[in-house]
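Please look over the chain shown below before reading the briefing that follows it.

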Amino acid sequence: YNTLDGTGKRDYIHIDDLAQGHLSALKKLSKENNICTDINLGTGKSYSVLEVIKELWTVPACFTKIYL
């Protein structure tokens, strides 16, 4: 990947936020007709895979070993 650390970048979102986004979309669809649109649920900020792993290493007892 053409990133600073060579790993892919993603816009990570918490599963609870994703579920709430789906519920909100279903609520909107139930009230309106003929809706055809793409909706992206995300934070708008991307992080590389290695950035996320390094951050997880700072959480006590989160990971004991990570093999790359």
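Which side chains meet in a salt bridge? The side chains of Glu32 and Lys28 do so, with 2.8 Å from N to O, where a salt bridge is a side-chain nitrogen of Lys or Arg within 4 Å of a carboxyl oxygen of Asp or Glu. This is a predicted model, in which local features need pLDDT of at least 70 and side-chain atom pairs count only at pLDDT 80 or more, while totals for chains, interfaces and linings use all residues. Residues are numbered from 1 along each chain as its sequence is written, and side-chain values use heavy atoms, with hydrogens and water left out.

**Overall fold and surface**

- The chain holds two helices and two strands, arranged along the sequence in the pattern β-α-β-α; helices (H or I, at least four residues) and strands (E, at least two) are DSSP runs, numbered from the N terminus.
- Of the 68 residues in the chain, 7% are buried, where buried means under 20% relative accessible area, exposed means over 50%, and partly exposed lies in between (1.4 Å probe, protein chains only).
- The chain has an accessible surface of about 6,200 Å², and 56% of this belongs to carbon and sulfur atoms; accessible areas come from the Shrake-Rupley method with a 1.4 Å probe, and for residues only the protein chains shown count as cover.
- Among contacts in the chain with a separation of 6 or more, 63% are between residues 24 or more positions apart, contact meaning heavy atoms within 4.5 Å.

**The salt bridge**

- A search of the whole structure finds one salt bridge, and its partners are Glu32 and Lys28.
- Glu32 is partly exposed, with a relative accessible area of 38%, and Lys28 is likewise partly exposed, at 43%.

- Tyr47 belongs to strand β2 (residues 47-48) and is classed as partly exposed because its relative accessible area is 35%.
- The charged end of Lys45 sits over the ring of Tyr47, 4.8 Å from the ring centre; a charge sits over a ring if NZ of Lys or CZ of Arg is within 6 Å of the ring centre and within 35 degrees of the ring normal.
- Together with Tyr12 and Val49, Tyr47 makes a nonpolar surface patch of about 240 Å²; patches are made of residues with over 30% relative accessible area and no salt bridge, with like charges joined within 9 Å and nonpolar side chains (Val, Leu, Ile, Met, Phe, Trp, Tyr) within 5 Å.
- Val52, placed in helix α2 (residues 49-57), is partly exposed at 26% relative accessibility and touches Tyr12 and Tyr47, residues up to four places away in sequence not being counted.
- Val52 and Lys9 are 43 residues apart along the chain, and their C-alpha atoms are separated by 9.7 Å.

**Around Ile13**

- Ile13 is in the loop between β1 (9-10) and α1 (15-31), and at 30% relative accessibility Ile13 counts as partly exposed.
- Apart from neighbours within four places in sequence, Ile13 is in contact with Leu18, Leu41 and Gly42.
- Between Ile13 and Leu41, which are 28 residues apart in sequence, the C-alpha to C-alpha distance is 7.8 Å.
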